[in-house]
Amino acid sequence: MTAHSFFMGCATVFFETAASASFLARFASHFIPWVYLAAAVANIVTGSVYARVQKRASFSRLMKGTLWFLLGLVVTVRLGFFASTMAWIAFGGLVSYRIISSLTDLEYWAVASRIYDVRQAKRLFGFIGTGEVVARITGSFCVPLLVKRFGVSNLMVLSAGALALCLFLVGRVLHGVSGADVPAPEPTTAAPRTSLRSGLHEIVKSPYLSVVVAVAVLATFGKYFVDFAFLEQISTISKGEEQLASMLGLFSGLTQTLSLLTRLFVSRPLLSRLGIRVGVVILPVAHALCALLTVVCGTVGPTAWVFWLVIANQGIYKTLKHPIDNASFKVLYQPLKPEQRLGVQIAVEIIFSPAVVGIAGAVMLLFSSGMHYDPVVFSIVLLVVFVAWAYAARAAGIGYARKLVEMLRRRIEGRFAFTVDDATTLTILRSHVQSEDPEEACVALGLLERAAPTDLEDVLLAQTSHASPLVRRYAVERLLDLHPESLRDIRRRISVDPEPSVRGIAMRVVGSGETDSAVDELVPHLDDPDDSVRRAAFTVLFGLPSANANAVARERLAALAASAVPAERALAARLAGAHGVRELVVTLMADPHFAVRRAAISAAGALRDPTLRATLMQFLLEPRFAQAAGLALAADGDAALPSLGALLVPASDSLVLRRVVYVHRLIGTPAAIAALAARLRFPDVTVRGRILFALDKLGWTAHDAADRDRVSKLLRDEAADTAWALAARRDLGTDPAYEVVCRALDEEVVAGRRRILHLLTFVHDRQALQRAAVHLADPSKDKRAFAHEVLDLILDSDERALVLPFIVEAPLGARLSLLAGEHDVSSKSAEQRLDEIIARPARSLGRWSRDVAGWVKARRAAGDAVPMKERAMLLIEKVIVLKTVAMFEHTPEELVAEIASIVEVVDYDAGHVLFSKGDAGESMYIVVNGQVRVFDANTTLGILGEREIFGELALLDPAPRSASVVTTLDTRLFRVDGDLFAQLMAANVDIVRGVLHVLCERLRRTSASAAGV
């Protein structure tokens, strides 16, 4: 792109110099406004044709076609000079330059916007245009020599050659760019909007784009007014085509040299530090100051300065326009989608800009023909334009920040209009209602219901006999909502329906009848083989306004609680909690079976009985029942906070503390939020991370100065701790002996960044920061770039300096160099760092990192005399093994430690059958070492070795095993109980992601295998 910029600069500088010199040599300066008026008309005509071509051409062909057109235009003008010396050729040449200037700018920045994301755009737009500046400098200083040797008109030959090279480079740049060669859609009968019309529509409906267009319009006014004033002044001191060309070339060379220096030493650091909001106002403010000085000098003296100030204003434009203003303004388009961006750019370049050029030409015509041109009076007009331009640019910079945040928040929702009230559509829907495909029939019923035909009830009643249970259930549910009375006549039929969900709905219909008959009709369903039907029958029975019904329900529930089958006792516990039968809940909370006790603990939450709170607190301390107890305590609301607060102290176990924080989050009341906010600086970094996460999700904001000060101090502390972890990670290097410690430190850095971002949400736009945090880890480069840009815009300079090293995508050394000024990140030996990790306090480093460092140090000192497979495994060793399994490799160690705590280590000799096809699936297994064979009858389905998983479906669906498994070598396994693991999944989405990852990988392998068969 830099080379493209160079040759584009060569093309424009040679053509501009030749066209301007030829024009001024043949015409007086008061003809210049006529050029602008003609250029406005020519640009509008060219733009209209361009928009039609754009609608049908791919992006790549459009950009190449633009350059082919410009090449042809330059050749045509040069041939015109060759064939004739008439003045109108010079006039047409200067008009052609305006077209070339607009289309080269549109083509170059459209390509740049397509290949660079918003982050790259802000860094590189000022740099990649350096080629154009170098070309203008070189070309401008060469003009006097080239003119003497080849003549003015032959500069256009060099311009044509440069455009041909641009064409070659664009082909190379766009090769392989996503979507560049996708052809535009063919026109349809719906007559979709062209990009031009789409761009105009976007501008009208978007306040942000309206302001951006206002900036473009005022900038165009400023450009042409400054250019007019400059040419008026130049024409007064020089005569002759070659002399004018030489003077213009030297002036251009000088200003472009200044522009290059600005690009190299000012543009990038200025835009990186101060941002787009400052970048877009620099040029109009500089112009306004120069115009103001011109007015002052022309009014009160010294008047001799007026000439040079007018020249200086043109120099300001040439110096600052491309390295700062263009680089800033083009970034304002980046929050738009690519297709929107091009449409708006086309609208600006071929509608608004040409129209402004025409208006500017009319104003200048007034000054040059209707009245005597006075540079001081004209400078007053310039001053008004520049002030308006600066004001609009400031508004656009502010709007840019908001637009970026909006883009991160946006969700695209598909909406369509569908009418079903005509006779033809109703007939079609009725025919599809009879479909054997249940999903098709349900969709047809739903659409038919929207039309509300008079026979809707009859249609739904007919579908209660449909062959598909899905359709029958849908029809019964809709009838129950629309017209329950219509189900009375068929309630006995649906109460024996083979589909349990239909029978469950039938219980509700039965309960709406006579109480005595309803009891008799409901009682048989209390023994239904399906639990959902039994629950429905109990619910309806408890809800009947009859003492007899209630007594029957309690009697049958007590019998269910005394069942010898654990699943029936668990059902009784859930029903007892739902219907307030306290004595049964208390009894079942002491049941010897784990699943029954867990169900009773969950049921206790529905009772909200303060006398049970102490018991629930005890269960919260037990890993197997912590999830159920936490949910029950959360149902108790603020009343549970004092008991929970007694555990939320540094002396409590870390796992217990995390559960207590989780319960506070579930409660989510102002009192629960205040309790967490009071512990913002909790002296355990892992627990503190959970507190910050909970406060973020609960929407806590640091409103007063004291809270903001606490957040600010903690932010600095978190940055210091994370910087230390980065330095320690560097010093441990790549020695395999430290690999497990390095992984732990990597997790510490990620967790530290997460805590920093949570803290920032307490003092800044929460939604924007939350979206940015998500997008920072997104595989899409564009989304990561938007996230970085949003952080740049939201945070102040001190916060950016604090956060940048932890989010920047750079090597470790580069990130540490950014931290060197604020934190001690000096190098130390690996052994020193290992000792520091072990001694690091809990407020700064997680327990897992400290424990694993101690374990590594002990092993390095004493060696591992007894192989792991011949002794009991330590918890830390279980965690290390689990972290090498695909399901848990991205799960934080603190969560893996919880999983390790419920893992059972089992050893089997070769030939041991772990389970057979059809056995109940209750556990998942992980191969620690050894090997197992998965088979079905005499067919081997797979051989699994170390760190591979089997039986994982039992975690989600405890269905019968689909295959058998036998050990083929002496094997050590991790056995993970499905019920216990389900509790951990319920509270930790990271674990769920790991499970889904493994299942997806298994599905992909199965699909690939099936495709190859």
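Biologist: How many cavities of 30 Å³ or more does the structure hold?
Modeller: The structure holds 6 of them. A cavity is a set of points, on a 1 Å grid over the protein atoms alone, where a 1.4 Å probe fits but cannot get out. This is a predicted model: local features need pLDDT of at least 70, side-chain atom pairs count only at pLDDT 80 or more, and totals for chains, interfaces and linings use all residues. Residues are numbered from 1 along each chain as its sequence is written, and side-chain values use heavy atoms, with hydrogens and water left out.

Biologist: What volume has the second largest cavity?
Modeller: About 170 Å³. Volume here is the space filled by probe spheres set on the points, with grid points joined across faces, edges and corners.

Biologist: Which residues lie nearest its centre?
Modeller: Glu 16, Ser 20, Phe 230, Leu 248 and Lys 318, out of 15 lining residues. Lining residues have an atom within 4 Å of a point.

Biologist: Which helix gives the most to that lining?
Modeller: H1, with 4 residues. Helices are DSSP runs (H or I, at least four residues), numbered from the N terminus.

Biologist: Switching topic. Where is Thr 761 found?
Modeller: In helix H34, residues 739-761.

Biologist: Buried or exposed?
Modeller: Thr 761 counts as buried because its relative accessibility is 2%. Buried means under 20% relative accessible area, exposed over 50%, partly exposed in between (1.4 Å probe, protein chains only).

Biologist: And what is Thr 761 in contact with, leaving aside neighbours within four places in sequence?
Modeller: Asp 696, Arg 766, Leu 769 and Gln 770. Contact means heavy atoms within 4.5 Å.

How values were computed: Helix = DSSP H or I, 4+ residues; strand = E, 2+ residues; numbered from the N terminus. 1 Å grid on protein atoms, 1.4 Å probe; cavity = no way out; pocket = protein on both sides within 12 Å on 5 of 7 lines; lining within 4 Å.
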